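Hello! Here is the structure I promised to pass on to you. Have a look at it first, and then read my notes below.

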Amino acid sequence: MPELFAYTDGACSGNPGPGGWGVLLRAVDGDTILKERELNGGEAETTNNRMELLAAINALETLERPSTITVVTDSAYVKNGVTGWIFGWKRNGWRTADRKPVKNVELWQRLDAAQARHDVTWKWVKGHAGHPENERADELAREGMKPFKPAKPRS
């Protein structure tokens, strides 16, 4: 039975600033890659956390039917949020433990809805540590950011 993985990453040039997100979707059977798909996008004025969230959201929303998937992220914010904090936020009407509104609430709600369709396992990996699929997701995120970065002046 093939396994499905989504390797996700976000990038930002300045925080806030131009940002991008990237996803490497991969279906594997043992060591054999059966299918791959790459996704990316970006925004002109955003934050790194928003881009990390959008990578995970787009990975799950792009799946056409309910799936069993492992989402691999280098964002502790996304992993801890979706596997822990979100339950309290929902119980508290999308407020934190100290009653402040949850930052990026519309993206958290979108991620919550996207993952509800699937059987998702969340896995954290250390970023920029030579993990090939995470490195590719990072490259895709940087590509997604390119259209929103100002051109460098010629000297």
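**What I found**

The largest pocket has a volume of about 630 Å³. A pocket is worked out on a 1 Å grid over the protein atoms alone, as an open set of points where a 1.4 Å probe fits, with protein on both sides within 12 Å along at least five of seven lines. Grid points are joined across faces, edges and corners, and the volume is the space filled by probe spheres set on the points.

Before going on, please keep in mind that this is a predicted model, in which local features need pLDDT of at least 70 and side-chain atom pairs count only at pLDDT 80 or more, while totals for chains, interfaces and linings use all residues. Residues are numbered from 1 along each chain as its sequence is written, and side-chain values use heavy atoms, with hydrogens and water left out.

**The pocket lining**

The lining of the largest pocket is made of 21 residues, where lining means having an atom within 4 Å of a point. Leu4, Ala27, Leu63, Arg65 and Ser67 lie nearest the centre. Which strand gives the most to this lining? It is S3, with four residues. Strands here are DSSP runs of E with at least two residues, helices are runs of H or I with at least four, and both are numbered from the N terminus.

**Strand S4**

S4 (68–73) also supplies at least two residues of the lining. Five of the six residues in S4 are buried, meaning under 20% relative accessible area with a 1.4 Å probe, protein chains only. S4 pairs with S1 in the parallel sense over five bridges; two strands pair if DSSP finds at least two bridges between them. Tyr7 has Val72 in S4 as its bridge partner. S4 also runs parallel to S5 (residues 119–124), joined by six bridges, and Thr68 stands opposite Asp119 in S5.

**Two listed residues**

An unreviewed UniProt entry lists Asp9 and Asp138 under "binding site". They are spread over 130 residues of sequence, yet they cluster in space, with a largest C-alpha distance of 5.4 Å. UniProt annotations may be inferred rather than shown by experiment.

Asp9 sits in strand S1, and Asp138 in helix H4 (residues 132–145). Are they buried or exposed? Asp9 is buried, at 1% relative accessible area, and Asp138 is buried too, at 8%. Leaving aside neighbours within four places in sequence, Asp138 is in contact (heavy atoms within 4.5 Å) with Asp9 and His128.

Enjoy exploring!

Technical notes: Buried < 20%, exposed > 50% of the residue type's maximum accessible area, 1.4 Å probe, protein only.
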